[in-house]
Protein chains: 2
Amino acid sequence: MSFIDCYDVTMNPKIEKLIKQFAKLPRVGNRAARRIVLGLLQDKTGRIEKLIEALIDANENIHACPVCGVLTDKTSDRCEYCRDTSRANGMICVVRDLSDVWTLEKSGVFNGRYHILGGLLSGVSGITPDDLNLRNLSERIVDENINEIIFALPNTVEGKTTQQYIMSMINTDGIQFTELASGVPLGGDLDYIDDGTLSLAFGGRRTI
Amino acid sequence: MSFIDCYDVTMNPKIEKLIKQFAKLPRVGNRAARRIVLGLLQDKTGRIEKLIEALIDANENIHACPVCGVLTDKTSDRCEYCRDTSRANGMICVVRDLSDVWTLEKSGVFNGRYHILGGLLSGVSGITPDDLNLRNLSERIVDENINEIIFALPNTVEGKTTQQYIMSMINTDGIQFTELASGVPLGGDLDYIDDGTLSLAFGGRRTI
């Protein structure tokens with residue numbers, strides 16, 4: 001069943017509009033959007049009001065931290081990671097988006113400052129350096145006395161291109177650039193590892 | 001990664017609350033909810049405002065038709081199917097929910113009135129007759145001079161149980177009860193048909 005067809009059938013423009021808005025969300029298809037809207041409108045436990053309330057609250061009170069780009073309350077000028085004095089100074093971990101920060105925080109491997117790019121350079125998707133949160137990165141290096149930039153970007157062509165671009169952009173002396181190691185994941189069976197990863201793991205082999 | 005873990009990490013109660021609300025929606029998992037919320041909050045095209053607007057509009061102005069249960073504008077007392085004088089009288093098609101009405105309308109096989117139950121009787125899920133939209137069905141049969149009730153319910157134990165319950169509940173004389181035919185779907189290859197369907201198709205075989 002095509003989505004346009006089911007549109008003609010609902011006959012109610014308000015329901016159609018709501019389905020359309022849900023169908024635009026990432027990971028929500030047309031059928032799921034219909035199911036969500038029906039669920040919300042037929043629910044009797046006030047779920048739709050709670051959703052509206054949470055959306056308005058977040059929309060009005062959340063903004064990107066002007067320093068690193070992490071989403072945070074508008075009441076504070078900087079996010080919890082930039083404010084936290086117990087975190088290590090001198091290191092910035094460059095990531096693609098906020099979910100990467102959450103992943104790293106959960107693992108506990110890093111305790112420094114973050115910098116969220118908000119995307120990766122991509123010729124295919126037409127994402128240029130102007131679309132990324134790069135304006136204040138050079139300033140941060142000077143202001144925060146940074147000596148190491150850790151790239152925790154996806155191990156893809158876009159990730160590596162973005163990394164190279166940022167390295168060429170930053171011409172401050174004495175900055176060390178590092179990236180996450182590539183190789184066989186923990187518990188990884190060689191039978192199931194793709195050739196690219198295997199080649200990276202061989203190239204980066206260590207003496208034991 | 002468990003959802004609870006990722007909660008601890010976001011550190012922002014407003015974002016957490018919004019993710020939680022999205023994760024409660026049908027067909028949206030925890031990871032998808034995180035992705036949706038990040039997408040909405042980082043979007044710069046006003047998508048979140050449009051979603052809020054459509055939700056508020058639908059929540060304030062849509063209600064279930066008091067006659068048949070189809071979701072419709074509050075401005076009109078009955079839905080477009082109940083109002084439509086060009087539709088056939090005398091027949092009520094009993095369905096589980098609004099998406100079934102949309103499916104039937106798209107196919108164009110039925111042009112009478114509908115009755116939405118809002119669920120099916122289920123011992124497992126604890127759904128009793130009181131949870132279904134059954135109160136006015138007997139009245140409708142008298143008021144609208146109905147002579148045929150067509151059950152277009154899922155071909156499952158719950159569907160059949162609900163059907164039996166409704167038939168035993170309605171003791172109006174001269175009412176014909178019908179159900180959709182069971183059998184091999186159009187284009188169905190016997191190789192791929194399950195035994196239950198095959199048994200129904202055999203039991204219901206017709207002379208040609």
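## Salt bridges, a helix contact and aromatic pairs

A:R35 is partly exposed, with a relative accessible area of 26%; here buried means under 20% relative accessible area, exposed over 50%, and partly exposed in between, calculated with a 1.4 Å probe and protein chains only. Residues are numbered from 1 along each chain as its sequence is written, while chains are lettered from A and ligands numbered from 1 in the order in which they are written. The model is predicted, so that local features need pLDDT of at least 70 and side-chain atom pairs count only at pLDDT 80 or more, whereas totals for chains, interfaces and linings use all residues, and side-chain values rest on heavy atoms, with hydrogens and water left out.

### Salt bridges

Over all chains, the structure holds 12 salt bridges, each being a side-chain nitrogen of Lys or Arg within 4 Å of a carboxyl oxygen of Asp or Glu. The table lists three of them.

| Side chains | N to O distance |
|---|---|
| A:R35 and B:D97 | 3.2 Å |
| A:E53 and B:K17 | 3.6 Å |
| A:K14 and B:D73 | 3.1 Å |

The pair of A:K14 and B:D73 crosses between chains, running from helix α2 (residues 13-23) of chain A to strand β2 (residues 71-73) of chain B; helices (H or I, at least four residues) and strands (E, at least two) are DSSP runs numbered from the N terminus. Both A:K14 and B:D73 are buried.

In the case of A:E53 and B:K17, the former lies in helix α4 (residues 47-61) of chain A and the latter in helix α2 (residues 13-23) of chain B, so the pair joins two chains. A:E53 is partly exposed at 49% relative accessibility, and B:K17 is partly exposed as well, at 35%.

### The contact of α4(A) with α2(B)

The helices that carry A:E53 and B:K17 pack at an angle of about 150 degrees with their axes 9 Å apart, where axes are lines fitted to C-alpha atoms over the stretch in contact and angles run from 0 to 180 degrees between N-to-C directions. Residues making the contact (heavy atoms within 4.5 Å) include A:L51, A:E53, A:A54 and A:L55 of α4(A), together with B:K14, B:K17, B:L18, B:Q21 and B:F22 of α2(B). The residues of this contact divide into six nonpolar, two polar and six charged.

### Aromatic pairs

Rings of Phe, Tyr and Trp (its six-membered ring) pair if their centres lie within 6.5 Å, and planes under 30 degrees apart count as stacked, over 60 as edge-to-face and the rest as tilted. By this rule, there are six aromatic pairs over all chains. Among them, A:F151 and A:F177 have ring centres 6.0 Å apart and planes at 20 degrees, so this pair is stacked. The pair links distant parts of the chain, 26 residues apart, with A:F151 in strand β5 (residues 148-151) and A:F177 in strand β6 (residues 176-179) of chain A. A:F151 is buried at 2% relative accessible area, whereas A:F177 is partly exposed at 26%.

In chain B, the pair of B:F110 and B:Y114 is edge-to-face, at 5.3 Å centre to centre and 65 degrees between the planes, and both B:F110 and B:Y114 are buried. In chain A, ring pairs link A:Y81, A:F110 and A:Y114 into a cluster.

Note on methods
Nonpolar A, V, L, I, M, F, W, Y, C, P; charged D, E, K, R; others polar.
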